[in-house]
Amino acid sequence: MKNLKSLLILALGAMSITSCYDLTPEFKDVATSDNYFENDAAFVSALGAAYTNLYNVAGHGGLFSLNEVSSDEAAIPHKGPDWEDGGQWLRTHRHEFQATEGVYGNVWNFAYGGINTCNRLIATFEGVDNPNSAAFIAELKVLRAYYYLHLLDIFGNVPLITSFDVPADFKPATETRAKIYEFVEKELLTEGAKLSKEVNSTTYARMNFYVAQSMLSQLYLNAQEYKGAPEYDKCIAACDAVINSGKFSLESNYFANFAVNNSGSKENIFVIPYDKVNAGGFFIPMMTLHYASQETFNFTAQPWNGYTTLADFYNSFENTDLRKTGGGRGYGVMLYGPQYNRSGAQLVDGADSWYPDGDTDGRNVNYNPVINALAPNAGRDAGARLSKYEYEVGGTNNMSNDFVLYRYGEILLNKAEALWRKNNGDAAARDLVNMIRKRAGVSEFASLTADNFLAERGREMCFEAKRRTDLIRFNKWGDAWWEKPVSGPNKKLAPIPASQITLNANLKQNPGY
Amino acid sequence: MLTQTLSGETKGELNAGIDYSLMNGKLSGTLDVFNRKTSDLILFAPVAVPPNLAPNTWLNSGGFTTNGVEFAINYALINTESFSYTPSLILTSYQTVLDKYLDNTPRLFRTNLGAPGQNLDVPNQGLHILEVGKPIGQITAPIWDGKTLDNGKPVFSDQNGDGKVDISDWEVVGNGLPTFEASLNNAFKFGKIDLNLFFDAAFGHSMVHENRAFYEIKPAVLAANIIKTKYFDEKVTTASYNQTHVEKADFVRLNNASIGYMLSTGSKKYFKSARVYASGQNLLTFTGYTGVDPTVRTGDKGSVDSGGREAEFADPLAPGIDRRSTYYTTRTFTVGVNLGF
């Protein structure tokens with residue numbers, strides 16, 4: 001026993017001796033910016049973080065909600081116990097914008113989260129000794145310009161930050177909208193020119209030359225609003241760079257662009273490659289459909305019964321318009337009328353006892369395009385629903401469809417509009433719009449007016465998060481519609497989030513907030 | 001590169017106590033007074049974007065002070081050969097006051113009701129209001145007179161009289177933590193019969209009855225049953241959180257009772273002693289609270305909705321929320337025999 005004890009003491013002593021060695025391991029396989037960026041695949045995998053930020057676009061409460069719910073093509077009615085949410089979506093629709101509203105903080109953080117990530121990666125790539133890094137830096141700068149384009153469009157006057165290495169207490173100051181415009185234009189021109197002109201699976205859902213040109217077409221089309229001077233010729237040139245490339249074309253079937261598997265679309269120029277398993281965040285069926293519609297599409301999750309479109313927007317479609325009928329797909333950009341489950345029985349609202357005025361078919365779920373009221377007791381099944389993107393039968397709450405940010409159809413309309421704004425009688429402008437109308441199976445326009453142009457753009461581009469910008473450009477943003485009263489010109493810019501102004505005294509609030 | 005230095009939280013604690021024993025040990029107990037000061041709380045704080053990459057970061061800030069007293073008394077009231085009765089009572093009272101939160105944040109709202117969103121506008125409103133210099137647990141709500149409705153939706157009162165009804169009209173309508181808590185154990189012995197009654201109680205706390213806030217209205221969400229308590233009013237058709245959903249939750253509960261009988265053992269061949277007993281848990285609750293359980297909720301694990309899950313850790317800065325995920329407490333009866341060998 002005594003021997004055993006001494007043995008133990010000896011062993012402990014031995015251990016304490018060995019522990020004197022420095023045990024800091026030297027790893028041979030750690031990736032650093034010195035050894036990691038040896039091939040293009042390494043750059044692409046690092047780029048990912050700047051793109052995955054885009055998955056915030058098409059969910060609820062972010063960019064999509066801000067641009068759609070404030071427009072005349074979508075609203076979130078308050079349905080008794082559902083969707084009051086403190087009145088924030090009613091205020092958004094009625095243009096009673098408040099700086100404290102969560103949605104502005106979300107969009108701000110989305111855009112600057114993307115910008116900061118681009119800045120971080122640019123700083124990393126600039127330190128890499130690899131001739132290929134320049135192309136990836138250019139790509140990041142164009143992506144950064146994409147985030148700035150949203151800030152320019154929504155908030156207007158925002159800080160411009162292009163470097164990652166800043167002191168911790170750095171409080172960037174607000175720059176004018178004109179300065180942000182200038183920056184975005186410069187970046188798109190100089191950096192966009194360096195980007196690949198290849199359009200293939202490698203450049204899919206990434207910045208390439210044509211995405212930069214598409215962004216320029218948007219920038220120039222809205223230049224009057226953004227900087228106070230029109231740039232229609234430059235807009236036409238940017239559109240032509242896309243159109244004349246021959247790399248894109250109108251899909252004969254409009255809905256091919258929005259199918260569950262739309263990655264083969266010849267029309268889509270830039271998309272967010274959502275995936276229900278690996279890249280979630282695209283929730284449109286959850287956000288819009290009635291709870292019971294779960295049985296129509298056999299979703300694994302129950303929808304939330306939120307977003308609807310407005311009766312006037314619904315009525316802007318002709319009955320033969322393929323975008324309304326859906327053609328072979330069976331449903332168009334809006335879901336309306338009685339709803340059925342997969343065995344053909346009409347869906348029933350599970351609620352016990354309450355139906356608002358005007359809901360004549362009681363518990364049956366019937367998406368009546370006419371909504372009785374925006375609040376507080378909108379009918380639970382009132383309003384046509386947003387169904388532009390194909391619903392996957394048996395799908396989950398996340399969609400696998402890729403969300404379209406730019407497509408050829410939009411570029412045609414951008415060019416048409418620039419031509420038309422230069423010359424109201426331009427036949428080429430009318431013909432471009434008629435290409436869109438022909439595909440939709442409706443008669444061609446004899447001439448273009450502001451009203452028929454905006455309405456056509458609405459039918460074509462609905463629920464692609466562009467309507468807010470379009471209404472502003474057509475001077476319809478301040479008009480009254482349905483339950484939205486006339487709103488003042490300061491509402492063209494969103495308020496800078498109050499939470500950010502609290503944290504950064506150098507930020508300036510937009511006028512009227 | 002932005003860096004923040006983060007350190008551990010600091011806690012200073014001062015305790016004073018007396019253990020006493022009087023009347024030859026018939027009366028005994030303890031008296032404890034404590035003061036606990038916690039500072040450098042690790043909080044998830046909003047930061048400016050840009051320059052920060054993400055809108056929140058962890059940093060040391062804030063603190064609170066807790067003062068409390070605990071008094072225990074144990075009294076062998078009757079102690080004879082055939083009958084004994086020993087009551088023991090514990091009384092506890094404490095209060096926690098917020099000393100500091102983040103710089104430039106003297107007050108903020110905390111926690112929300114959950115989906116579907118009612119009249120709460122997250123993050124600008126919440127069920128709790130944290131205020132420097134005020135106790136933790138202040139439950140806040142808009143005030144409804146219980147009568148005025150607009151299309152079935154409660155119309156809130158303009159408490160501050162500024163001509164509009166908004167968040168500035170919300171008031172503190174209760175505290176989620178009790179003023180004091182008590183537990184009383186009564187041990188009786190009549191010859192071979194032993195009886196034990198254990199009561200616990202809490203007074204002064206309020207509770208947000210979330211089930212009522214969501215489902216005590218005519219159009220229940222989906223096919224859920226409508227909740228009908230004494231507060232039910234069928235004219236209300238729109239769920240709108242207000243002070244009527246915050247109830248006083250004082251309670252006294254017979255938490256445990258057991259009765260036993262010592263059998264006389266004729267022979268000690270197989271076992272030395274035998275006692276048969278019956279006991280019950282959660283037997284009787286005296287409370288005006290209409291929810292399933294008035295027990296103090298010291299922290300909040302958040303709402304479980306839209307596929308969300310309960311938080312792993314309860315938020316101690318948001319006590320007194322009776323979530324929809326609360327499950328019924330069980331009443332348990334046990335019958336048994338104790339054998340001594």
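Mentor: One term before we start: accessible areas come from the Shrake-Rupley method with a 1.4 Å probe. Also keep in mind that this is a predicted model.
Trainee: Okay. How much accessible surface does chain A have?
Mentor: The figure for chain A is about 19900 Å². Carbon and sulfur atoms account for 53% of that.
Trainee: And what box do the C-alpha atoms of chain A fill?
Mentor: Roughly 100 × 60 × 45 Å, taken along the principal axes.
Trainee: What share of chain A is buried?
Mentor: Of its 513 residues, 58% are buried.
Trainee: And the contacts in chain A, how many join residues at least 24 apart?
Mentor: Take the contacts between residues at least 6 apart in sequence: 68% of them join residues at least 24 apart.
Trainee: Let's pick a helix. How does the span of α6 in chain A work out?
Mentor: Helix α6 runs over residues 133-154, which is 22 residues. At 1.5 Å a residue it should span 32 Å, and its end C-alpha atoms are 32 Å apart, so the two agree.
Trainee: Why call α6(A) largely enclosed?
Mentor: Because 20 of its 22 residues are buried. Just after α6(A) comes A:G156, with a positive phi of about 75°.
Trainee: Now α10 in chain A. What span should it have?
Mentor: It should span 16 Å, given 12 residues at 1.5 Å a residue. The end C-alpha atoms of α10, residues 232-243, are 16 Å apart, which agrees.
Trainee: Which residues of α10(A) are buried?
Mentor: Among them are A:Y232, A:C235, A:I236 and A:V242.
Trainee: What do the buried residues of α10(A) pack against?
Mentor: Four elements of chain A: α8 (209-221), α9 (223-227), β1 (268-272) and α15 (408-422).
Trainee: Switching to single residues. Where does A:E185 lie?
Mentor: In helix α7, residues 177-190 of chain A.
Trainee: Is A:E185 buried or exposed?
Mentor: Buried, at 14% relative accessibility. The cut-off for buried is under 20%.
Trainee: What is A:E185 in contact with?
Mentor: Leaving aside neighbours within four places in sequence, A:E185 contacts A:L216, A:L219, A:Y220 and A:K234.
Trainee: There's a Glu in chain B too, B:E210. Which helix is its place in?
Mentor: Helix α1 of chain B, residues 210-215. B:E210 is buried, at 1% relative accessibility.
Trainee: What does B:E210 touch?
Mentor: Not counting residues up to four places away in sequence, B:E210 touches several residues, including B:L113, B:S303 and B:R324.
Trainee: And how far is B:E210 from B:G291?
Mentor: They are 81 residues apart in sequence and 8.9 Å apart in space, C-alpha to C-alpha.
Trainee: Last topic, rings. How many aromatic pairs are there over all chains?
Mentor: The structure holds 50. One of them joins B:F188 and B:F190.
Trainee: Why is that pair, B:F188 and B:F190, called stacked?
Mentor: The ring centres are 6.3 Å apart and the planes are at 0°, so B:F188 and B:F190 are stacked. B:F188 is buried, at 19% relative accessible area. B:F190 is partly exposed, at 38%.
Trainee: Which residues do ring pairs link into a cluster in chain A?
Mentor: The cluster's members include A:Y55, A:F64, A:W83, A:Y254 and A:F403.

How values were computed: Residues numbered from 1 in each chain as written. Chains lettered and ligands numbered in written order. Predicted model: local features only at pLDDT ≥ 70, side-chain atom pairs only at ≥ 80, totals over all residues. Heavy atoms only, no water. Buried < 20%, exposed > 50% of the residue type's maximum accessible area, 1.4 Å probe, protein only. Contact = heavy atoms within 4.5 Å. Helix = DSSP H or I, 4+ residues; strand = E, 2+ residues; numbered from the N terminus. Expected span 1.5 Å × (residues − 1). Phe/Tyr/Trp six-rings, centres within 6.5 Å; stacked < 30°, edge-to-face > 60°.
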